[in-house]
Amino acid sequence: MAESILSVEQVVRDYGEHVRTRALAGVDLGLERGELAALIGPSGSGKSTLLNIVGLLDRPTSGRVVLAGTDTSGLNDRALTELRARTLGFVFQFHHLLPAFTAVENVMLPAWADRGAPTREMRERALAILEAVGLSDRASYKTSDLSGGQQQRVAIARALAHRPALVLADEPTGNLDTASADEVFDLMRRFNAELGTTFLVVTHDPRIADRCQRVIEIVDGRISSDQRRS
Amino acid sequence: MPFQWFVALRYLRDEKGQTALILAAVSVGVSVVVFLSALINGLQSSLIDSTLGSQPHITLRSPREEPRPLVEAGDGLAIARLIQPASQRLRSIDQWPAVMARVERAGGVTAASATVTGSGVATRADARVPVVIRGVDGDRFLAIIDLRAKMTDGSFDISGGRVVIGSTLASDLGIGVGDKLRVASTEGIEDVVTVSGVFALGNEAVDKTWVVTSLRHAQSLIALPGCATTIERQVNDVFAADRIADGIFAQTGLTADSWMDLNAELLSGLSAQSSSKTMIQFFVVVTVTLGIASVLIVSVVQKSREIGILRAVGTPARRVLAVFLIQGGVLGVIGSILGSVLGVVFARLFERMTSDPNGVPRFPVQVDLALLAGSILLATGVGLIAALIPARRAARLDPSAAIRSG
């Protein structure tokens with residue numbers, strides 16, 4: 001049996017104090033090492049809420065999340081931050097790089113922020129992964145001087161630099177033209193195949209979803225279908 | 001470089017306009033404090049110097065004479081008394097050499113001198129002018145009031161019936177060095193003396209009336225042979241003079257007047273100046289605090305999405321806090337160093353611009369290194385305190401909300 005990376009058990013998330021809105025109504029979901037899964041669903045279905053909870057940026061109202069063997073329900077903010085830094089990688093829709101920093105500094109930031117001081121190894125690893133995404137010649141550019149596709153490739157490099165167990169991507173290609181979108185998705189597939197990194201990709205783009213091994217659909221806060229392809 | 005320093009410095013460098021603006025505000029504020037303090041300190045010490053240049057820090061004299069009843073009440077005897085104040089005559093300090101020795105040994109004393117002071121009239125041809133006859137003990141007296149340095153003509157020589165007189169007195173009588181002068185004391189004793197020098201202390205009351213001669217000569221003029229009417233002394237800490245004077249009074253029973261008692265108005269003026277200085281400093285500190293705080297609050301709002309990303313990718317809240325505290329502290333340190341340099345330059349320029357044609361400053365400024373160090377420390381602390389609210393706000397940002405709002 002494959003190693004479990006993520007296990008979401010009976011997760012409920014309510015918003016609002018007086019008028020309660022149920023964003024997630026009892027979600028069960030498991031991911032195994034090496035999976036590349038797409039999470040699809042209409043707007044307001046609870047995709048982003050689920051991604052935030054899996055990403056430890058939000059806590060469920062009830063239910064639990066076990067990430068890489070750690071039950072997160074009893075952890076305080078400090079422990080959650082540390083777990084996030086060491087086991088998760090994030091790729092956001094609008095790339096969300098820090099414009100004041102260069103590409104290589106952006107890639108180094110998660111490890112640097114976690115450990116406090118930079119090491120030679122951090123820098124070498126960041127340069128290596130930038131080379132892997134085809135941007136070694138842009139390493140010392142400010143990210144504001146890069147094109148949209150290049151920025152998203154830097155964001156993928158940042159998410160992967162510290163070898164996380166799970167990468168969460170929120171509409172990673174949502175803002176890109178088709179050529180750049182293909183390029184970015186191909187990169188994710190390559191890292192999935194070569195490094196065995198697990199991916200959970202929220203997407204609206206059926207072309208992307210069709211190319212994933214597993215497609216999970218969420219409607220009204222519940223998982224409505226979960227299909228695996230060989 | 002530690003993460004929080006790296007990010008803080010990069011943000012300061014990246015927002016050049018904002019950083020320059022707030023540095024300008026901090027340095028102008030600090031330079032105002034430095035400049036005003038230098039000016040006020042300079043004015044105060046030159047005022048005190050000129051005041052103390054013509055008077056001793058503490059003057060001891062015999063206690064006032066109190067009327068003494070001849071009959072005491074008691075044994076069923078009641079007395080009705082009509083008391084008139086005793087008339088005060090010139091008296092010697094009782095056993096002054098012993099008092100002198102005691103005063104000299106006391107702590108904080110740098111010089112002490114016995115003097116004889118009495119009134120008289122100086123006559124030259126038809127001019128008759130009231131004078132103060134000061135009999136002094138040469139070198140000891142010079143350590144208290146440095147007449148030798150203030151001679152405008154002749155030299156300080158008071159031996160063998162020679163005198164030095166104030167410059168206004170000299171011009172009133174129309175005399176100069178080498179001229180003779182008739183001096184009569186209120187005791188009715190007269191002598192003809194030779195003027196050996198003329199001094200100008202800058203204090204009109206002194207320059208117009210003083211006739212300074214030797215102790216022995218004055219004793220005979222005032223008919224108090226072997227006596228001293230006052231003991232004058234200098235102390236290390238001029239602002240402790242009133243406390244030391246109180247101590248002497250308690251020990252000896254002599255009337256002890258400090259310069260502070262005699263210049264109460266000057267002192268209240270000085271303290272009003274000092275408190276206005278404190279007020280200005282206070283408001284500058286408040287302004288600088290608000291300035292740094294508002295810039296950092298704006299910066300936290302502007303960067304909330306970036307802060308959210310930093311938190312999401314695993315930056316601990318305490319490092320986010322540190323990023324903004326460091327920015328506040330750095331703005332404080334650099335701003336106050338610039339401000340100190342600026343303030344010193346202003347002060348020196350002001351001093352030069354207001355100097356008289358001989359290059360002697362009319363408003364001497366006094367730049368105090370302790371003041372500069374204090375301003376820099378204070379501004380750094382202020383920067384940190386100002387950064388506290390924005391930094392806490394940044395550290396508490398909810399990363400998912402911050403990212404979504406972007």
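So, to start: how far apart do the C-alpha centres of domain 1 of chain B and domain 2 of chain B lie? They are 53 Å apart. Domain 1 there is 3-50 + 267-405 and domain 2 is 96-253, with bounds that come from an automatic or database domain assignment.

Quick housekeeping. This is a predicted model, where local features need pLDDT of at least 70 and side-chain atom pairs count only at pLDDT 80 or more, while totals for chains, interfaces and linings use all residues. Residues are numbered from 1 along each chain as its sequence is written, chains are lettered from A, and ligands are numbered from 1, both in the order in which they are written.

Let's stay with chain B. It has 14 helices and ten strands; those are DSSP runs numbered from the N terminus, helices being H or I with at least four residues and strands being E with at least two. Its radius of gyration is 33 Å, well over the 22 Å from the globule rule for 406 residues, so chain B is more spread out than a compact globule. For the record, that radius is taken over C-alpha atoms, and the rule is 2.2 Å times the number of residues to the power 0.38. The C-alpha trace of chain B spans about 105 × 75 × 35 Å along its principal axes.

R392(B) sits in helix α13 (residues 369-396) of chain B. Buried or exposed, or in between, for R392(B)? It has 15 C-beta neighbours inside 10 Å, so it counts as partly exposed. The cut-offs: buried is 20 or more other C-beta atoms within 10 Å of the residue's own, exposed is 12 or fewer, partly exposed is in between, and C-beta atoms are placed from the backbone. Of the 406 residues of chain B, 40% count as buried.

Now chain A. The secondary structure here comes to seven helices and ten strands. Chain A has a radius of gyration of 17 Å, which agrees with the value near 17 Å for a compact globule of 230 residues. Its C-alpha trace spans about 50 × 40 × 40 Å along the principal axes, and 47% of the 230 residues are buried.

Chain A has an open sheet of six strands, in the order β6-β7-β8-β3-β9-β10, with mixed pairing; strands pair if DSSP finds at least two bridges between them. β6 (88-91) and β10 (222-228) of chain A are at the edges with a single partner strand each, so one side of each has no neighbour in the sheet. From one strand to the next, the twist averages 20°. Inside that sheet, β3 (residues 36-40) and β9 (residues 214-219) of chain A run parallel, joined by four bridges, and A38(A) stands opposite V215(A) in β9(A). Helix α1 (residues 47-54) of chain A packs on the sheet, touching β3, β7 (166-170), β8 (198-202) and β9 of chain A, and its direction makes about 150° with that of β7(A). Axes are lines fitted to C-alpha atoms, for helices over the stretch in contact, with angles from 0 to 180 degrees between N-to-C directions.

Last, the interface. 19 residues of chain B are in contact with 22 residues of chain A, contact meaning C-beta atoms, placed from the backbone, within 7 Å. On the chain B side, α1 (3-14), α11 (304-312), α12 (317-353) and α14 (399-405) are the elements giving two or more residues.

Definitions and conventions:
Contact = placed C-beta atoms within 7 Å.
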